[in-house]
Amino acid sequence: MTIWNLQHIDNYYTVKETAFPIISAKEYKEYRTSNTLIAIVGGGPKGFYGLDALITALYQSSEVSPLEIHWFNQSDRFASGDNYRLDQAEYLLINFPIGKINIWKTSSMENGPLAASFKLSMLDWLRKFKIHPSDVKKTSYSSRALVGAYLKDGAIQLLKHLPPFVKVRCIVDSIEDIDVSDEKDKYWIRGAQLGVNKELRYSHILLATGHAYSFGGEQTQQLVSFARQSEEASFIGHIYPVEDKLKYIKTTDRVGIKGMGLTFIDTALALSEGREGRFEGNGKDFHYLPSGKEPLSMYAFSKTGAPMLPRVPHSAHEYDPLVFISNDWVEGLIRKKGKGRIDFEEDIWPVLEMEYRICYYKRRMLEQGHPDFAWPKDISSTKQLIAGFLEEYPQTQRFSLEKILCPFQELENINGEEYHFTVINYLESAINEALEAPGNSPLGLSDVWRKALPHINQLYSFGGFSGEAQQKFDSQYLGKMNRISFGPPLINTQKVLALAKAGLLFFRLGRDTHVSPHALTGKFRIYSQQTNYCKEVKVLVDARIPKPMMAEGCPSIYRNLIEKGLAIPFKNNHYLPGCLAIGKRGNVINNKGDILPGITLYGTPTEGVTLDNDSLSRDRNDFVSLWSEGIVHSLFATKRNLVMGKQ
C-alpha cells in the first residue's frame, strides 16, 4: 500500500513557497486600528480551526462590522504548526487513515458562501492533486508533512476568501502573558519579542497552544540537571524536529528511550532510517539494512513494558454500533449517579468490558457459521448467550481484556533476554494478524474504544467522574486503552520489529523501570525490577507526551493567568489534572469564580476538563463553534447599542 508523501502531489512547491501575510515585530509595535480585534494564539490545526469557524460564522451573519483577527504563532508555520511542519522527514507518519482526516467542518462544506471547491477532505484533496499513479484509498496513510501541506493549503485558500470587512494578520512570536486593558472587557497581549502594544485591545482571545513539550516533576529535573553537569550524559526531553534534536547522538552512544508509544517509534526511525539505513521487503519478509551511522544500541522501556499495537485501518465491523454504550446510556447513567459522582471502575468498566466481549465472541460465532443477529440489550442475557456458545464450542479460546491491555503483566522471574524475545514474538503475532485476519484478533477489537470514547467523554468532562475516579482513570486506564486503539500504521510496527531483529533496538528492560544518575560513570543508569536487567546509557530520550501542567508554566502564559487571578487550576475534589478551570463554552474561570467570555481555551489546554482532544478532529470538544457564535453575537450587540446611543 502506498504511503503518501509530499512528492506525490503536484501543488507541493506552490504550497511550500506561498507565504502567510506576516507583519513584522516593528509593524506590530507601531500598529494602530479602530477595528474590533480578535486574537488566536497558536498556529497549529486547532488555531486554524478557530480561524475557519470564525470566518464561517461571519459569513453566515447578516451583520457587517470591521474586524481584524491577529493570529499568533511561535514560528511562521501557520496551520501546520510544528507537529505537521512541511520540512520534517517523510518517514514520520500520521497514525490516522487518510479517510478519517478532514480539516473542514462538514456543515461549512455544504452550506453558505464558503462551500467552495477548496473545502475538501484530505481524501478528495489528495485525489485532486496527486501525481502518483496509485489510487488514494480511505485506508491509506500519509506522512505528517503531507498533512501539513493539506493544512497549509486550506489556510491559504481560506485567507483568499475572507469577507471584505475582515482582515487577518499573522504574527510570529511566543505569547507569554495576557492582561486586562484600560478598556472594559478587553485585554492586552504580551509577546516574548513583541512586548505589549497598549494601543491594541482584544475583545476575544482563543488559546489553542497545543501540547506542552516538557515534563515537570522533581525526578525529571534531577536528570536534566545531571545531564548539564556531566560530559558523559545527554537528556533529550523533546525530539522534534528530529533532525535538529537528535543529530548530536553519536555512533558510539547507547540510547535509552523512555516511553513506547508513537514518539518512541519516531525516535527509533530517526536514528535508523533517518541516518540512511534502509528497510527492505514486504509483508512478513521485512528487514533492516544498517548504514553504519546509527547509535550503538537503543533500549526502550515504559510503565507497562508493552509496545503499541498497530492500527488496523478498516475491519468488516468498523461501523457496527455498540450494543450498550450510547447517548441514551450516558443520559441514564447521569440521571442515576449525577455529575461528579460517576465511577469509571464501578459504572463504566463492566459495560465497556462487555462491549469487548461481544465484539470478540461475535467474530468467533461467525467463524463457526452462526448467522449475525441483534444482541440482547441486557448484560445478564448477553452473558447467558456467550456461556451457551462456549458450552457448544468448548475449544474456543476464552476472552480476557486484561491480557490484551497488559500482555506481560504476569511475566515474573524472567531475564532481560527472554523479555526481549517475548516482545519480538508479540510484535510478530500482531503483524501477522494484521496481514492475515485483523478482524479475528485483538487488533479487530480496537474499534470498541474508538466508538466508546465520545460517550465516555460526555461522562468524564467538567468533573463528571468523582475526583478519585478521574485520577485512577487518567493514570491507570487511559494509556492502556489508547495503546491498543491508537497505535501506529502497520508499516511502522514492521520497522520497529526489523530494528529489533537487526540487533539495534532492545526490549530487555520491561516494566517497573527506574532511571537514575550514576555518579561514577557520569551516565544514566536504567534498572528494571521485572527483568533484573541494568543498562547504562549516555543519552536518555523522554519519548512520552507530557500532560498539561498549566500551573507549572507549560507554557508560561497559563502560569501568568493564574498569578493575575484571571484563571484558576481545575480541581476535581482533591485531584488536580494540571489544566485550567473552564466553563461549558471553554471560557476560563477567574479566581472569583466568574466566567470570562473574552478568554477561551481549545484543544490540548482543556485536557483534564475534557477528554481526547485529538489535534485533527473538528468535532471533538468543539469549543470554537461556540466561541465564534459568541463573537458574532457580541458584535451584533455592540453595533445595536451604538445605533441606539447606549455607548
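**Notebook: helices, cores and loops**

**Entry 1. Helix 5 and helix 6.** I looked up how helix 5 (residues 122-129) packs against helix 6 (residues 144-160): the angle is about 95 degrees and the axes are 11 Å apart. Helix 5 is therefore roughly perpendicular to helix 6, a term for angles of 65 to 115 degrees, whereas those under 35 count as roughly parallel, those over 145 as roughly antiparallel and the rest as oblique. I note that axes are lines fitted to C-alpha atoms, for helices over the stretch in contact, with angles from 0 to 180 degrees between N-to-C directions. Helices (H or I, at least four residues) and strands (E, at least two) are DSSP runs, numbered from the N terminus.

The model is predicted: local features need pLDDT of at least 70 and side-chain atom pairs count only at pLDDT 80 or more, while totals for chains, interfaces and linings use all residues. Residues are numbered from 1 along each chain as its sequence is written, and side-chain values use heavy atoms, with hydrogens and water left out.

Which residues make the contact between the two helices? Helix 5 gives Met122, Trp125, Leu126 and Phe129, and helix 6 gives Leu146, Val147, Ala149, Tyr150 and Asp153; contact means heavy atoms within 4.5 Å.

**Entry 2. Helix 6 and helix 3.** I found 16 of the 17 residues of helix 6 buried, so helix 6 is largely enclosed by the rest of the structure. Buried means under 20% relative accessible area, exposed over 50%, and partly exposed in between (1.4 Å probe, protein chains only). For helix 3 (residues 45-60), 14 of the 16 residues are buried, so helix 3 is also largely enclosed by the rest of the structure.

**Entry 3. Nonpolar cores.** I recorded 96 residues in the largest nonpolar core, where Phe264, Leu352, Tyr356, Trp449, Phe465 and Phe507 have the most contacts. Such a core is a set of buried Ala, Val, Leu, Ile, Met, Phe, Trp, Tyr and Cys residues joined through side-chain atoms within 4.5 Å. Helix 11 (residues 344-367) gives the most to this core, with twelve residues. Apart from this core lies another, of 94 residues, including Ile189, Tyr202, Ile205 and Ala208.

Entry 4. Leucine 366 is found in helix 11 and, at 34% relative accessibility, counts as partly exposed. Its C-alpha atom is separated by 60 Å from that of tyrosine 202, 164 residues apart along the chain.

I located aspartate 182 in the loop between strand 7 (175-180) and strand 8 (187-191); at 57% relative accessibility, aspartate 182 counts as exposed. Leaving aside neighbours within four places in sequence, aspartate 182 is in contact with Trp188 and Arg201.

Is lysine 538 buried or exposed? Lysine 538 is buried, with a relative accessible area of 18%, and lies in the loop between strand 19 (533-537) and strand 20 (539-542). Among the residues that lysine 538 touches are Glu231, Glu232 and Asp253.

**Entry 5. Backbone.** Most residues other than glycine have a negative phi, and most peptide bonds are trans. I noted a cis peptide bond between tyrosine 240 and proline 241, with omega about -5 degrees. Proline 241 is in the loop between strand 11 (234-236) and helix 8 (242-245). Phi is positive, near 75 degrees, in glutamate 276, which counts as exposed at 55% relative accessibility. Asparagine 413 has a positive phi near 55 degrees and counts as exposed at 80% relative accessibility.
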